[in-house]
Amino acid sequence: MRQLRTTDPDFNAQLQALFAYEPGESPEILSRTQAIVSDVRQRGDAAVLEYTKRFDQVKASSLSELEVSPAEIEAAVASLPDSFMQALETAASRIHHFHEKQRAQSWTITEDNGNRLGQQVTALGKAGIYVPGGKASYPSSVLMNAIPAKVAGVAEIIMVVPAPKGELNPAVLAAAQIAGVDRIFKIGGAQAVAALAYGTQTVPGVDKIVGPGNIYVATAKRLVFGQVGIDMIAGPSEILVVADGTVPADWIAMDLFSQAEHDEDAQSILISTNANYMSEVLESIERLLKSQPRADIIRASLDNRGAVIQVQHIDEAIALINEIAPEHLELAFEGAAERVPEITNAGAIFVGPYTAEAFGDYCAGPNHVLPTARTARFSSPLGVYDFQKRSSVIELSAQGAKALAPTVKALTEAESLIAHQQSALYRS
């Protein structure tokens, strides 16, 4: 891991180098993805079947054969241990309870002259959820993406999940059932994103697509944005821990591992005022890494993009947090709760010694779909508000129209839009 100090004369240059990252979307990947998206848009089911056979080695004579049946879901649920199903239910209940607080309501105000102004809040009609498939199991991703849509009142939730060689993890299907997903298709990649965006003979077109995927999925989401909404283009996972030495070094080392184990491009950073404590954490990393099943990935991540940064005081750490705008932020120092209002740029803030980021990933309640790559400066976690729309409602009385007409007249003259002016003046 890189070791930086804010007192270093070239600290700012070192910091910029630490966060320099290119997502790796090559012209070749873009070209391939464009071709797939265009083909699915033109040929629908036939194109999706062709790509599913080519990339996932799954043969089907019609796309309807790749829709998961209720019997398949029930069999998947029955195959899972009761303890796992209970854990899934607990997580889903907590996520649902938290997101219920986010649901916006319609409102109106009535002015003295009888004008009524307001905002009407409605849910999206259809939402599409992309879930990585195959041997990988991401039931938590299903819950985090589907439950906010359900709470928002989305009429229909369509899930796509690749099933390489026909293999589909039962935990993903169980999570979909608990979360209230309406239809599931065993398709993935750019072809699945295009199917959700434009609709095919079998797959319904949706209003918004959410959920993580590989570089082809991310590129496809970028290409179809505008035809549909998307959640975000997510980069590699990130964690920033600010610790003062009051939390055991082993705990902090494992917290850094929790994101580094995602992939080699994940980023784990420790900020501390205590140089001796930073050395303790580095020693814990070396000792604990040997026992990690994904040690090679963690090591590559820490070597490539990890860092420990020594600051002179917590005020300096707070300023760095807001500059870095991390996806996950852990505050593991005395008096952390009092400093939270000073943090303006972070996806999720984990406060105190017992709040490991892993709780947020699975069952604390808030969403684990978070802004990465410094986008926390202007964006927020996935939530119910991502599946709701707002329409302005305006109802003027005769008296209200007469009162506002002079304002319209003055502004339309400045903009030389006389039809606008006359349209308003007719009412007055």
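**Close-up views of a predicted model**

**View 1. Strands β4 and β7 lie side by side in a sheet.** Strand β4 (residues 126-130) and strand β7 (residues 208-210) run parallel and are joined by 3 bridges. Here G128 has I209 in β7 as its bridge partner. Strands are DSSP runs of E with at least two residues, helices are runs of H or I with at least four, and both are numbered from the N terminus. Two strands pair if DSSP finds at least two bridges between them. This model is predicted: local features need pLDDT of at least 70, side-chain atom pairs count only at pLDDT 80 or more, and totals for chains, interfaces and linings use all residues. Residues are numbered from 1 along each chain as its sequence is written, and side-chain values use heavy atoms, leaving out hydrogens and water.

**View 2. The open sheet has 5 strands.** Their order is β6-β5-β4-β7-β8, with parallel pairing. At the edges, β6 (183-185) and β8 (229-230) each pair on one side only. Helix α8 (residues 189-198) packs on the sheet and touches β4, β5 (156-160) and β7; contact means heavy atoms within 4.5 Å.

**View 3. E28 sits in helix α2 (residues 27-43).** E28 is partly exposed too, because its relative accessibility is 47%.

Methods:
Buried < 20%, exposed > 50% of the residue type's maximum accessible area, 1.4 Å probe, protein only. Axes fitted to C-alpha atoms, helices over the stretch in contact; angles between N-to-C directions.
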